[in-house]
Amino acid sequence: MKEQAMSSISGAGIKRSAFLASLACAALGLAAPLAQAQPKPIRIGVPTAMQLQVGRDTQDSIKMAIDDINAKGGVLGRKLEMVVADETENPETGISAIKKLTADEKVDVLIGGYTSGVTLAQLPHISAAKTIYLGVGAASPSIQAKVKTDYDNYKYVFRVGPLHAGHQARQLTGFISTFVKGELGISKIAIVGENAKWVQDLVPLLKKGATEAGADVRATEFFDAQTSDFSPLFSKIKESGAQYLIVVLSHASSDIFAKQWYDSRFPMPYGGIDVKSMDGDFCERIGGKSVGEMAANFAVRAPLTPKTIPFFDEFRKRTTRSPVYTAFGANDAVYIYADAVARAKSTDPNAVIKELEKTNYVGIPGIIQFDDTHDVKPATEGYKGPAFLIAQWRDKCAREVVYPKAMRTAEFKYPEWIKK
Amino acid sequence: MLEILIIGAVSSAIYAMLAVGFTLIFGVARILNLAHGTFYALGAYGAYFFTSLKLPLLPAALLSIALVAVFGIFVERVLIRPMRHSQLAVLMITLAVALVVEQALFLTFGSEYRNVPAFVDAKFTIGGVDVAGSRLLALGVGSLVIAALWLFIQRTRLGSAILAISQDPQAAQYMGIPSDRIFSVVMGLSAGLAATAGVLAGPFLTVQPTMWLLPIVKAFAIVVVGGLGSIPGSILAALMLGYAETIVGYAISTSWTEIVSVLATLLMLVFRPAGIFGRRAAF
Amino acid sequence: MFNKPIDLAGAVAFIALMAVLPLVFGGNYLIGVLTVSVIYGIWAVTWDFMSGLTGRENFGHSLFIGVGAYTAGFMNTSFGINGWWSIPAAMVMAALAAVLIGLPTLRLKGPYFALAMLSGAVIMQRLMLIFWEQTGGEEGINGLTPLIRSQLGFYYFALAVLVAITALLLFVARSHWGLILRAIRGDEATCQAAGINVTYYKIASLVISAAFAGAGGAMYAHYQLQVSPQLFAVVTSITIITMVYVGGMASIYGPVGGAILLVLLTELLRNFGEWRLMVYSCTLILILFFLPHGLVAPMWRRLRSALQAGTSAPAPRATLPLAADGAAREAE
């Protein structure tokens, strides 16, 4: 301290202090108006399974939307900002992720989700935090159920994607009756699903619908999601006399299922709901062994809406990957929220909720609107909402839409070892 | 029926390879190595990694097994040896190693399942039963490897040294057998065995970062049922478990296989805790 | 522990710190993390009481936690019973589970006992998934009502329960009972020869451990407002054992520190994003490698002797039972 006092007496010292002082003033001068002109950003909290592909794609997809909106000036003059918290597949971590985002990071909205069990666990905490939640990954119907029964507490919860399991069951039944029975002429089917709760809720509906449509359900089997050896299962299905295998897989080892189906040259084609098969690189990463499988997709790189193909291309340009299903919902959710905030002219949840309920947005898989439980409405005869597309893996791991007929891009082809 | 016989045999072969390695290191060094499943995982991932670098399959597999064996020796010398005073400490540190490796695999290879190409891609039909070639290979090679290990232990000097230490560590040391060095060798063997199982099973089972947990739980159960430290016991128990799971899977449903095998383990522990061949049985 | 006033002072300081922390830093997030860590503390202490003292490592502690939590879940959602009843009910159910699994397995040693308990927990987890219609499968039981509306209020309640349980178990551990349990760890055959009813003591300690763990489970259920089969998982048991290890085996109070430390660590590492669990596991290896006797309990002992050396004439180096804890661990 003494030395500084000494040096400041000398000329050089005075010059330096003056310089520093003016620098400080300049900085303050610049900072003050800047601080006033820079309004608080709108913060989007993203609870997702960070280590999984669904989590990565959710984040990248949201980032894409945020960058686009910010480049156009933001929302109400405010920029958008993303804060991610890992929810893993464990409810405990999921709940603390919500608390971190709402109580600590104080986000304005939550966009994310993947495992239904985790989302269900998070709901009361989301409600307590009075923060809007736009789901993009969990399909259990129970998630939106409370919106109707306890609106005041649960009005914050919306689902942008995917279509809930009940809708999926109905669509799958349509697939069985119209395509498997109608076009392929196969009536003997087997239904196989992982023993997750949503599947167990869905399969009886599926069975009933299929039987009513004239199909003969020869076997219904559940297996543990951790199963890595499907030989007993395949054996049973073969013995049942079925000729087509309907699957309902989500967390299970779809990769191994496909590999073992191929390796043992299983004598029947299979298809249905197979979440992992939605991945763009599913076929490649198992050495092309899923060629022939038919899997449901919520969107493929086809002109479902004007937004679809640009999204796929932009996503691939940015990440060199093909997006998984959570990416569609996540991207749409950002725009939907931004639009609602713009219309409500505020980020106050109650005002925004009123606007969200009126959403009519052209999204990636289709037009997004919410029903009275804040759940995304599926496509119907006259309404181009998100549809259930069944696409088949083809040679060189290309994908073609086979069902519904209106969206077909190629005819169905049997796996090469099955003579028909 | 024949299908159950064959599929059960394949499961048993994989389990046997895992269990024998686990019981080997326990019988000799009294180390409960929770990272054993990690060696299995690394074997499979190693094969995936080297083949993705365009190495032909056989060299990739052998390289992978060799590297995992070296890794096993490293873990033993650097992390386990200082902890040997407490069995629980060894348990905890091997568990931590397993967690670190799992995370490393997540970060390097991602969470998605990876594809290990099979040595044999064809399908064979035996007596009307369709079996994938890779499974038969696993059965064949697995049996050979275990037989080779058995011969090694029974016929070579090193093998006798291992036997001696497992029967009476102190006497063995008095005889001038360098136990520390032997521990490392056995760890390398154990890791190599697990890696071999990983390379063989990779093509038709899971290859993803959390694949280490289930095998170690099963290996633990098998080894306890067969008798800690007994190779014949492990093989027998592996057969029992493999077939029990397969039979339950065919007869009832795969949802019940795990509970049946765990229940069987529990019952065995309650009624005959020393296992089939008891604790101090010689190899 | 309460032999020396300095221990009491340390305990009071700790409790005061825990009580004041949320008031100073505030926010539901911190309160949430602290509440969860306190409940893990309860589980860790109960584990240490049984396994730490008797040396019978229980790899299935999650069994009692899950039983307690599911009891609370069923009572609250299926029968609509007030949450406060679920705590004693959970204790009873967990105690019952302890008797059921303890009786046939407590005569087993070391890895055999560990495996038996682990099997018990795995079976329960499987059963919860198999009977998904009643238990909700992997989605679990949702929609429990909170015990105390205020987050802070529930935290203080949980903290009070933790302190009470720790004090009680410490008291028992320092008593005649604890001495017998430690003797059983040392040499069970001799104890039996001396006429001690070894089975009774082992079962009793397991039952006490289980009952309080079950109570913790019920509290957890009413805080998280959901019950999932993941509570029964092997991972849960192993997490708790790690906490006890980091806290200091057989010290009873150490695991509290271990639990709080590790839960805070997992949360604080969130800034590492994808690398969170990697950093956590590496930290764990470092702790396990360099601090084989744990972190919390040895640190307290060192702190205490430093304080004592600083104030009065040097006190005898740690009281005997504590030295026996540290030293006896090595006889494996």
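Two residues are in contact if their C-beta atoms, placed from the backbone, lie within 7 Å. I keep that cut-off in mind for what follows, and I remind myself that this is a predicted model.

**Chain B, overall**

I started with how chain B holds together along its sequence. Of its contacts with a separation of 6 or more, 76% are between residues 24 or more positions apart.

Next I looked up the secondary structure. Chain B has 11 helices and 2 strands. Going along the sequence, I noted the order α-α-α-α-β-β-α-α-α-α-α-α-α. As for burial, 59% of the 283 residues of chain B are buried.

**Chain B against chain A**

How many residues of chain B are in contact with chain A? I found 26 of them, and they meet 27 residues of chain A. Three elements of chain B give two or more residues each to this side: helix H1 (2–29), strand S2 (129–132) and helix H10 (231–251). I sorted the chain B side by class and got 9 nonpolar, 11 polar and 6 charged residues.

**Chain C against chain B**

Then I turned to the other contact of chain B. Here 31 residues of chain C are in contact with 32 residues of chain B. On the chain C side, the elements with at least two residues each are helix H4 (83–105), helix H5 (110–130), helix H11 (234–247) and helix H13 (276–290). Which of them gives the largest share? That is H5(C), with 10 residues. By class, I noted 20 nonpolar, 5 polar and 6 charged residues on this side of chain C.

**The nonpolar core**

I looked for the largest nonpolar core and found one of 340 residues. The residues with the most contacts inside this core are Ile111(A), Leu134(A), Ile189(A), Ala19(B) and Ala94(C). Domain 1 (42–163 + 304–368) and domain 2 (166–297 + 388–407) of chain A both give residues to the core, so it lies between them.

Apart from neighbours within four places in sequence, Ala19(B) is in contact with Ala219(B), Ile222(B), Val223(B), Gly226(B), Ser234(B), Ala237(B) and Ala238(B).

**The two domains of chain A**

I went back to the domains of chain A. The centres of domain 1 and domain 2, taken over C-alpha atoms, are 29 Å apart. Where the two touch, 10 residues of domain 1 are in contact with 9 residues of domain 2. The domain 1 side of that meeting has 5 nonpolar, 4 polar and 1 charged residues.

**Confidence in chain A**

The mean for chain A is 87, and 91% of its residues reach 70 or more. Residues 1–9 of chain A are below 50, and this stretch has 4 contacts in the model beyond near neighbours in sequence. Where pLDDT is low, the predicted coordinates should not be read in detail.

Most residues other than glycine have a negative phi, and most peptide bonds are trans.

- The peptide bond from Gly161(A) to Pro162(A) is cis, with omega near -10°. I found Pro162(A) in the loop between strand S5 (157–159) and helix H8 (165–183) of chain A.
- Tyr403(A) and Pro404(A) are also joined by a cis peptide bond, with omega about 0°. Pro404(A) sits in the segment after strand S14 (398–403) of chain A.
- Lys130(A) is not a glycine, yet its phi is positive, about 50°. I located Lys130(A) in the loop between helix H5 (116–128) and strand S4 (132–135) of chain A. Is Lys130(A) buried or exposed? With 12 other C-beta atoms within 10 Å, Lys130(A) is exposed.
- Arg30(B) has a positive phi too, near 55°. I see Arg30(B) in the loop between H1 and helix H2 (36–52) of chain B. Arg30(B) has 18 other C-beta atoms within 10 Å, so I put it down as partly exposed.

How values were computed
Residues numbered from 1 in each chain as written. Chains lettered and ligands numbered in written order. Predicted model: local features only at pLDDT ≥ 70, side-chain atom pairs only at ≥ 80, totals over all residues. Helix = DSSP H or I, 4+ residues; strand = E, 2+ residues; numbered from the N terminus. Nonpolar A, V, L, I, M, F, W, Y, C, P; charged D, E, K, R; others polar. Buried ≥ 20, exposed ≤ 12 C-beta atoms within 10 Å, placed from the backbone. Core = buried A, V, L, I, M, F, W, Y, C linked by C-beta atoms within 7 Å. Domains from an automatic or database assignment. pLDDT = per-residue confidence, 0-100.
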